[in-house]
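This report sets out selected features of a structure, from the fold of one chain to the contact between chains. Please read it alongside the sequence and coordinates shown below.

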2 protein chains.
Amino acid sequence: MMCEIGVVNMKKTLVIIAHPEVESSSVQRFLIDSIKELPCVDHYLLREETPDVLADRVKLKQYQRIIFQFPMYWYSAPYILKKWLDEVFSVEFAENHLTDKELGIVVSLGLSEHNFASGRSEKYTLSEIFRPFEALANKCHMIFLPIFSIPLFSYLEEKEKKKLLIAYEQYLTKENLATFQSKETWFKEKLNHMIEGNTEEKEKLANILSVMEANREELEDLLVIVKEMRLEE
Amino acid sequence: MMCEIGVVNMKKTLVIIAHPEVESSSVQRFLIDSIKELPCVDHYLLREETPDVLADRVKLKQYQRIIFQFPMYWYSAPYILKKWLDEVFSVEFAENHLTDKELGIVVSLGLSEHNFASGRSEKYTLSEIFRPFEALANKCHMIFLPIFSIPLFSYLEEKEKKKLLIAYEQYLTKENLATFQSKETWFKEKLNHMIEGNTEEKEKLANILSVMEANREELEDLLVIVKEMRLEE
């Protein structure tokens with residue numbers, strides 16, 4: 001699989017993993033094994049030590065999609081992620097160097113997601129609980145992706161784990177999570193508008209549009225085939 | 001001033017301060033000086049070191065009101081508070097040993113609170129941003145107090161600082177922040193109901209009610225006098 005994301009000199013996805021004992025976590029090991037299969041995705045284990053601030057800032061700039069991956073501890077990430085944020089993110093860095101990138105959260109839960117609702121034991125939804133990360137994305141002019149939650153991993157059967165794997169890989173790599181699809185739609189509308197108003201260039205523009213639509217369909221077809229092949233393995 | 005809170009062997013308020021450089025923070029020094037004047041309030045500076053888990057749990061159990069006090073870093077507390085929470089709070093401890101206590105947040109902000117609203121720069125209200133702490137209070141069966149925010153402390157004039165001081169001391173010590181007043185109201189209503197339905201005990205019950213009301217008024221009067229005296233100092 002090629003690793004093209006349409007932006008020159010930009011890698012696809014960096015998964016920043018915050019877990020105090022990542023080696024002993026079955027869900028983290030499962031996810032990391034999956035990441036290793038994906039050429040467009042790198043991962044980075046946060047450690048207790050003070051981060052190399054400048055190196056980490058350079059690293060962040062290289063990726064289009066940043067994922068924070070962690071188990072939920074007291075309605076947030078384990079403290080090592082906050083420590084890393086407090087130290088690596090200055091206001092200047094946040095406001096100027098991450099614009100238009102995507103920020104996603106992959107969170108494992110010790111409870112069914114059903115409990116995260118008003119009137120239920122946890123009272124608030126995951127969207128409410130992770131508002132501080134959405135506020136951070138807002139400050140950084142980043143696009144906040146839908147939260148990817150993994151409740152009760154250790155109770156999953158093999159078939160459910162395979163489904164999880166596909167969904168996870170799509171979350172890390174699929175173009176149209178929140179940005180590309182909408183950007184494409186915007187271009188299509190723009191092109192259609194131009195075609196209507198421009199008789200001279202009409203044919204050329206219509207051609208661009210049809211190529212764009214064909215690419216999208218081809219991509220969707222390929223994704224389905226790849227996923228099916230993987231399931232049969 | 002006596003330190004009576006109506007619960008035997010229970011101290012009033014513990015302020016847990018999470019600031020990476022508390023000595024160089026003018027707002028924290030201002031608040032700590034104020035705490036030192038209050039006989040019912042203790043404070044506790046969180047440090048980088050791993051906490052003494054058992055000692056801290058014993059400490060928490062001794063107070064009726066727990067306050068987390070910190071500057072807002074990336075839409076939450078500095079990581080040392082999260083580190084302390086991750087280490088000191090087990091599920092067993094949280095669910096069984098803090099019931100009916102109060103949890104408050106005193107947060108200093110580098111921006112006007114006006115910015116914390118939809119359509120404004122920070123997009124979300126402080127109530128939304130601190131939802132994880134409200135979820136924690138919910139899990140611990142604690143009463144979550146209104147958030148006490150201190151925006152732009154260094155721009156405050158002397159008169160504004162005095163007003164802040166009174167409001168802060170009330171936040172730390174006033175009985176009727178969220179619990180006592182409502183409990184008292186509940187008792188009053190209950191007593192009034194009993195008086196209506198019970199001719200035999202009517203006089204005795206009416207007497208209890210009037211003592212209760214007199215105490216409340218006396219307390220309010222005393223508070224006003226003390227605050228005025230302090231202002232005149």
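The sections below treat a predicted model.

## Composition of chain A

Chain A contains nine helices and six strands. Of its 233 residues, 44% are buried. Among contacts in chain A between residues at least 6 apart in sequence, 77% connect residues at least 24 apart.

## Salt bridges within the chains

Over all chains, the whole structure holds twelve salt bridges. One of them pairs the side chains of A:Arg65 and A:Glu102, with an N to O distance of 2.8 Å. Because A:Arg65 belongs to strand 3 of chain A and A:Glu102 to strand 4 (residues 102–109), this pair ties together parts that are 37 residues apart in sequence. Both A:Arg65 and A:Glu102 are buried. In chain B, B:Arg65 forms a salt bridge with B:Glu102, and the closest N and O atoms are 2.8 Å apart. This pair links distant parts of the chain, with B:Arg65 in strand 3 and B:Glu102 in strand 4 of chain B, 37 residues apart. B:Arg65 and B:Glu102 are both buried.

A further salt bridge joins the side chains of A:Arg131 and A:Glu134 at 3.2 Å, N to O. These two residues lie in helix 6 (residues 131–139) of chain A and are three residues apart, about one turn of the helix. A:Arg131 and A:Glu134 are each buried.

A:Arg65 is placed in strand 3 (residues 63–71) of chain A. Its relative accessibility is 0%, and since buried means under 20%, A:Arg65 counts as buried.

## The interface between the chains

How many residues of chain B are in contact with chain A? There are 31 residues of chain B in contact with 31 residues of chain A. The area buried between the two chains is about 2700 Å², and carbon and sulfur atoms give 63% of this area. Between chain B and chain A there are 14 residue pairs in polar contact, both residues being at pLDDT 80 or more. On the side of chain B that touches chain A, the elements giving two or more residues are helix 3 (79–88), helix 4 (91–96), helix 5 (126–129) and helix 6 of chain B. Helix 6 of chain B gives the most to this side, with seven residues. The residues on the side of chain B that touches chain A divide into 16 nonpolar, four polar and eleven charged.

Two salt bridges are counted between chain B and chain A. A:Glu122 forms a salt bridge with B:Lys139, in which the closest N and O atoms are 2.8 Å apart.

## Helix 6 of chain B and the cysteines

Helix 6 (residues 131–139) of chain B is largely enclosed by the rest of the structure, because eight of its nine residues are buried. The buried residues include B:Arg131, B:Phe133, B:Glu134 and B:Lys139. Helix 6 of chain B is followed by B:His141, whose phi is positive, near 55°.

B:Cys140 has a relative accessibility of 0% and counts as buried. A:Cys140 is likewise buried, with a relative accessible area of 0%. Zero disulfides are found over all chains of the structure.

## Loop residues of chain B

B:Tyr75 is not a glycine, yet its phi is positive, about 60°. The residue lies in the loop between strand 3 (63–71) and helix 3 of chain B, and B:Tyr75 is buried at a relative accessible area of 4%. B:Asp100, also a residue other than glycine, has a positive phi near 75°. B:Asp100 sits in the loop between helix 4 and strand 4 (102–109) of chain B. With 45% relative accessibility, B:Asp100 counts as partly exposed.

B:Ser154 is located in the loop between strand 6 (148–151) and helix 7 (158–173) of chain B. Is B:Ser154 buried or exposed? Its relative accessibility is 59%, and because exposed means over 50%, B:Ser154 counts as exposed. The C-alpha atoms of B:Ser154 and B:Val27 are separated by 7.5 Å, while the two residues are 127 residues apart along the chain.

Terms used. Residues are numbered from 1 along each chain as its sequence is written. Chains are lettered from A and ligands numbered from 1 in the order in which they are written. This is a predicted model: local features need pLDDT of at least 70, side-chain atom pairs count only at pLDDT 80 or more; totals for chains, interfaces and linings use all residues. Side-chain values use heavy atoms; hydrogens and water are left out. A disulfide is a pair of cysteine sulfur atoms within 2.5 Å. Buried means under 20% relative accessible area, exposed over 50%, partly exposed in between (1.4 Å probe, protein chains only). Helices (H or I, at least four residues) and strands (E, at least two) are DSSP runs, numbered from the N terminus. Contact means heavy atoms within 4.5 Å. Buried area is the accessible area (1.4 Å probe) that two parts lose on being put together, summed over both. A salt bridge is a side-chain nitrogen of Lys or Arg within 4 Å of a carboxyl oxygen of Asp or Glu. A polar contact is a pair of N or O atoms within 3.5 Å; within protein, one must be able to donate a hydrogen and the other to accept it, and residues adjacent in sequence count only if both atoms are side-chain atoms. Ala, Val, Leu, Ile, Met, Phe, Trp, Tyr, Cys and Pro count as nonpolar, Asp, Glu, Lys and Arg as charged, and the others, Gly among them, as polar.
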